[in-house]
Amino acid sequence: MAEEPEVPGAWAQKIMAVMAHPDDPDFSCGGTFAKWAAEGKEIIYVLFTSGDKGTSDPGMTPDRLAPIREQEERAAAKALGVKDVIFLGHPDGGVEDTAEGRGQVVKLIREFRPDILVTMDPFRRYTQHRDHRHAAIMAMDAVFPYARDRLSYPEHEQMGLEPHKVGEVFISGPEEPEFFIDVRDTFETKIDALMCHRSQVGEDRAGFAERLQGMSRRFNANLPEGYEPGKFEAFRKISYRQR
Ligand SMILES: [Zn+2]
């Protein structure tokens, strides 16, 4: 009898998402986080910025917008069953690939000790936000080799933190997906979470859900059997298990 293929992420218990802005994890794979949370996995978000440039309101300022967007993200995370959201306080539009930013992620990896880290695709050719690119590169570099090697960021050892080997990196919403996760059971929860980002998405829930489903149109022809158009999330995976 042929061996059943492993369900992506099934082996893991602790998940850490590392992305640039409030709403990035909910948009790109909130359905998967809701599914994992319902299965009892422990999930936290680490966001480089508080999204303080995300407005076209002429009366809004970054100082006023940041706490609004943090509040929206905390509500969205709660709707999905995500346990905690950590904001690293980098300026929106100003996320740079630095040793300091990477060190912040390394420290959180050594504290939380995730089995899987989820980030975005830093290598998309088009429609790529500079913050997404830099956040994803720092997240991937933090996993390998920095968090694994005790002589990287040795100050963490003095704080009592051990090195940590993350098992897999999931790249959410990549240009060329390797596999899809079926989120039809948590699709409405994902919309609930996204509607918490009121400053970004407005009030039209039905219109928004339709638009969201339309965004993944290009994959509909290649979906595994039984998948519903628009109710799936796309990934690639880098595995460090058994290495
Ligand atoms: Zn973003």
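Start by selecting strand β5 and showing its side chains: Glu168, Phe170 and Ser172 point one way, Val169 and Ile171 point the other way, and all of them are buried. Here a residue is called buried if 20 or more other C-beta atoms, placed from the backbone, lie within 10 Å of its own, while strands (E, at least two residues) and helices (H or I, at least four) are DSSP runs numbered from the N terminus. In a regular strand the side chains alternate between the two faces of the sheet.

Before moving on, keep in mind that this is a predicted model, in which local features need pLDDT of at least 70 and side-chain atom pairs count only at pLDDT 80 or more, whereas totals for chains, interfaces and linings use all residues. Residues are numbered from 1 along each chain as its sequence is written.

Next, select the neighbours of β5, remembering that two strands pair if DSSP finds at least two bridges between them. Strand β4 (residues 116–120) pairs with β5 in the parallel sense over 5 bridges, and valine 118 stands opposite phenylalanine 170. Strand β7 (residues 232–239) is joined to β5 by 5 bridges and runs antiparallel to it, with isoleucine 238 as the bridge partner of valine 169.

Now show the whole sheet, which is open and has 7 strands in the order β3-β2-β1-β4-β5-β7-β6, with mixed pairing. At its edges are β3 (84–90) and β6 (179–182), each of which pairs on one side only. Neighbouring strands are turned by 25° against each other on average, direction ignored, where axes are lines fitted to C-alpha atoms (for helices over the stretch in contact) and angles run from 0 to 180 degrees between N-to-C directions.

Go on to strand β2 (residues 42–49), which runs parallel to β3 and is joined to it by 5 bridges; there, isoleucine 44 stands opposite aspartate 84.

Finally, select helix α3 (residues 99–112), whose 14 residues should span 20 Å at 1.5 Å a residue, and whose end C-alpha atoms are 20 Å apart, which agrees; the expected span is 1.5 Å times one less than the number of residues. Its buried residues include Val105, Leu108 and Ile109, and among the elements covering the buried residues of α3 are β1, β2 and α4.

Conventions. A residue is buried if 20 or more other C-beta atoms lie within 10 Å of its own, exposed if 12 or fewer, and partly exposed in between; C-beta atoms are placed from the backbone. Two residues are in contact if their C-beta atoms, placed from the backbone, lie within 7 Å.
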